[in-house]
Amino acid sequence: LGATKGLPDREILGIYAGHADVTAVLIHQAPKEGVTQTGGDLYMSGSGNYGLAYGNGKYNGEYQEFRYVPLKELSYKKDNKGKDVLVNGKPVLEMEKGPEEIVVGGSHILARIGDHVYTWGEAWGSPKGHGALGRLPNFSKKDAFIPTRVVALDGAVSVAAGAQFSVIARVDGSVWTMGTNAHGELGVGDKKIVKATTPVKVSGI
């Protein structure tokens, strides 16, 4: 076995792979003085189709080595009036949240940062898209290739992905699904629903 390339020499928090021909690795963040940190740094390798290993809006190509994907939520220090505290004219970073969970579906990816869910990949809301990103159908293909928060899923505690569908559990105990329903994978009990391009609450759970 050869050594992997592109990964920093820090603790590995998790390794994720799926049918999308990509591998995702979460690495412990490098400590920053005075900054509260949660989650990890995301590194990916493999297929660039649908922006999977890129996360930056690009489509084609592939990565033979692991590459950092800058998926973070940043919070900055505020004064008592709610304005940014500036040092040398720059805001002061107070909290840095990285992904805590990554799941890889057939051609889409979900990342959970705290209780927020981000999605990207091949699942835009066009007639040919399978809807597993859970976003409204009025965004472009390029937008789909960039990790974007699905606000309707705030409160998430766990995420999962199948070939062309996604499942999310929320802190209130509810379960939400999105994507194809060819074999009843959305759990909505209705064969007439062939897909859901926005999150659907599963009843009876």
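Visitor: What makes strand S2 count as mostly covered?

Guide: In this predicted model, 5 of the 7 residues of S2 are buried, where buried means under 20% relative accessible area, exposed over 50% and partly exposed in between, with a 1.4 Å probe and protein chains only. Strands here are DSSP runs of E with at least two residues, numbered from the N terminus. Local features need pLDDT of at least 70 and side-chain atom pairs count only at pLDDT 80 or more, while totals for chains, interfaces and linings use all residues. Residues are numbered from 1 along each chain as its sequence is written, and side-chain values use heavy atoms, with hydrogens and water left out.

Visitor: How do you know that S2 pairs with S4, and which way do they run?

Guide: Two strands pair if DSSP finds at least two bridges between them; S2 and S4 are joined by 7 bridges and run antiparallel, so by that definition they pair. Within this pairing, Val-22 has Gly-46 in S4 as its bridge partner. Strand S1 (residues 12-17) is likewise joined to S2, by 5 antiparallel bridges, with Ile-15 opposite Val-25.

Visitor: Why is the set that includes Leu-42 and Trp-120 called a nonpolar core?

Guide: The term is used for buried Ala, Val, Leu, Ile, Met, Phe, Trp, Tyr and Cys residues joined through side-chain atoms within 4.5 Å. The largest such set has 15 residues, and Leu-42, Met-44, Leu-71, Ile-102, Ile-109 and Trp-120 touch the most other members. Strands that each supply at least two of its residues include S2 (22-28) and S4 (40-47).

Visitor: Why is the pair of Tyr-43 and Tyr-68 called tilted?

Guide: Rings of Phe, Tyr and Trp (its six-membered ring) pair if their centres lie within 6.5 Å, and planes under 30 degrees apart count as stacked, over 60 as edge-to-face and the rest as tilted. The search of the whole structure finds 1 aromatic pair; the ring centres of Tyr-43 and Tyr-68 are 5.5 Å apart and their planes stand at 55°, so the pair is tilted. Because Tyr-43 lies in strand S4 and Tyr-68 in strand S5 (residues 62-69), the pair ties together parts that are 25 residues apart in sequence.

Note on methods. Helix = DSSP H or I, 4+ residues; strand = E, 2+ residues; numbered from the N terminus.
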